[in-house]
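Open the model in your viewer and keep the sequence panel beside it. This tour goes from stop to stop, telling you what to select and what you will find there.

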Amino acid sequence: MKYLRVFIFVLVLASLACGMPNLSSLLNPLPSDNFSSSSSGWGTGTDSFSSVQYSNGGLTMQVFEPYYVTWSTPDVKVYENVHMEVDVANQGSDDEALFGFVCNEQGTTNAFYYIGVSPDGYYAFIKSSVVGDDVYLKEGFSDVISANSLSMRLGLDCANGSSTLYVNGQVIDTVSDSSYTSGSIGLFAASAEIRNSTAVIFDNFVTTKLGE
């Protein structure tokens, strides 16, 4: 049975901080961050629609408008075939808010995958493009997500041609799509219908190469 949740999101790119040139994997290891330093490079900012700030011991995202997405990246480098993990604490009151990972973002455009979960157990693999509406590649509900709605460890395989979502180490679902095979990575939060009800804290972000 297919579950459909309609999000007509307005996409907003949080300010990006440029990183050092990718000289080598030793000089530029894959991103990891406990967000203890506000100078670690993630894009931040606050306006009337959303806020991304280093606060509350992590990277805090709030969304003030209904059906709105905000996101941030640690740099503007291109990555491929990586696994990401992050702790997320839900501080909001909307069970339909969506939060999770940005995968294979194409530069500073609205072309990327965003894959996330909602406190009520919903999950979605979504493809955004510069033209046209977002495409829901796969969606559904999981008892694993709803049972850990306040705090969970999210994981994502962001690969060339497929993505796999994890919650607390358990596979939730996998989707295949090869529209974007590499790109920037990051985190996002998206609101549903209720205004001023989306707030999440991300912490202990880690990236590794798939297969390592």
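Start with the aromatic rings: the count here comes to 10 aromatic pairs. Select Phe35, Trp42, Tyr54 and Phe205, which ring pairs link into a cluster.

A word on what is on your screen: this is a predicted model, in which local features need pLDDT of at least 70 and side-chain atom pairs count only at pLDDT 80 or more, while totals for chains, interfaces and linings use all residues. Residues are numbered from 1 along each chain as its sequence is written, and side-chain values use heavy atoms, with hydrogens and water left out.

**The whole chain**

Now switch to a cartoon view. You will find one helix and 16 strands in the chain; helices (H or I, at least four residues) and strands (E, at least two) are DSSP runs, numbered from the N terminus. Of the 212 residues, 50% count as buried, where buried means under 20% relative accessible area, exposed over 50% and partly exposed in between (1.4 Å probe, protein chains only). Take the contacts (heavy atoms within 4.5 Å) between residues at least 6 apart in sequence: 66% of them join residues at least 24 apart.

**Gly41 and Gly45**

Next, select Gly41, in the loop between strand E2 (32–33) and strand E3 (45–46). Gly41 counts as buried because its relative accessible area is 18%.

Move on to Gly45, in strand E3. Is Gly45 buried or partly exposed? Its relative accessibility is 32%, so Gly45 counts as partly exposed. Leaving aside neighbours within four places in sequence, Gly45 is in contact with Ser50, Ser51, Val52 and Gln53. Draw a C-alpha to C-alpha distance from Gly45 to Ser72 as well: they are 27 residues apart in sequence and 9.6 Å apart in space.

Select Asn81, in the loop between strand E6 (68–72) and E7. Although not a glycine, Asn81 has a positive phi of about 55 degrees. With a relative accessible area of 28%, Asn81 is partly exposed.

Then step along to Val88, in strand E7 (residues 82–90). Val88 is buried because its relative accessible area is 3%. Which residues does Val88 touch, not counting those up to four places away in sequence? Show Phe99, Leu150, Ser151, Met152, Leu154, Val200, Ile201 and Phe202 to see them. Ser149 is 61 residues from Val88 in sequence, yet 9.5 Å away in space, C-alpha to C-alpha.

**An enclosed space**

Rolling a probe the size of a water molecule over the atoms shows where empty space is left. On a 1 Å grid over the protein atoms alone, a cavity is a set of points where a 1.4 Å probe fits but cannot get out, and lining residues have an atom within 4 Å of a point. Grid points are joined across faces, edges and corners, and a volume is the space filled by probe spheres set on the points.

There is one cavity of 30 Å³ or more, and the largest cavity has a volume of about 60 Å³. To find it, select Tyr113, Ser162, Ser163, Val175 and Asp177, which lie nearest its centre among the 14 lining residues. Strands E8 (98–105), E9 (112–117), E10 (122–128), E13 (162–167) and E14 (170–176) each give two or more residues to the lining.

**Glu139**

Select Glu139, in strand E11 (residues 135–141). Glu139 counts as buried because its relative accessibility is 9%. Its side chain makes a polar contact with the side chain of Tyr122 (2.5 Å). A polar contact is a pair of N or O atoms within 3.5 Å; within protein, one must be able to donate a hydrogen and the other to accept it, and residues adjacent in sequence count only if both atoms are side-chain atoms.

**Last stop: Ser197**

Finish at Ser197, in the loop between strand E15 (184–190) and strand E16 (198–209). Ser197 is buried, at 4% relative accessibility. Its side chain reaches the backbone oxygen of Ile194 at 2.7 Å.

Conventions
1 Å grid on protein atoms, 1.4 Å probe; cavity = no way out; pocket = protein on both sides within 12 Å on 5 of 7 lines; lining within 4 Å. Phe/Tyr/Trp six-rings, centres within 6.5 Å; stacked < 30°, edge-to-face > 60°.
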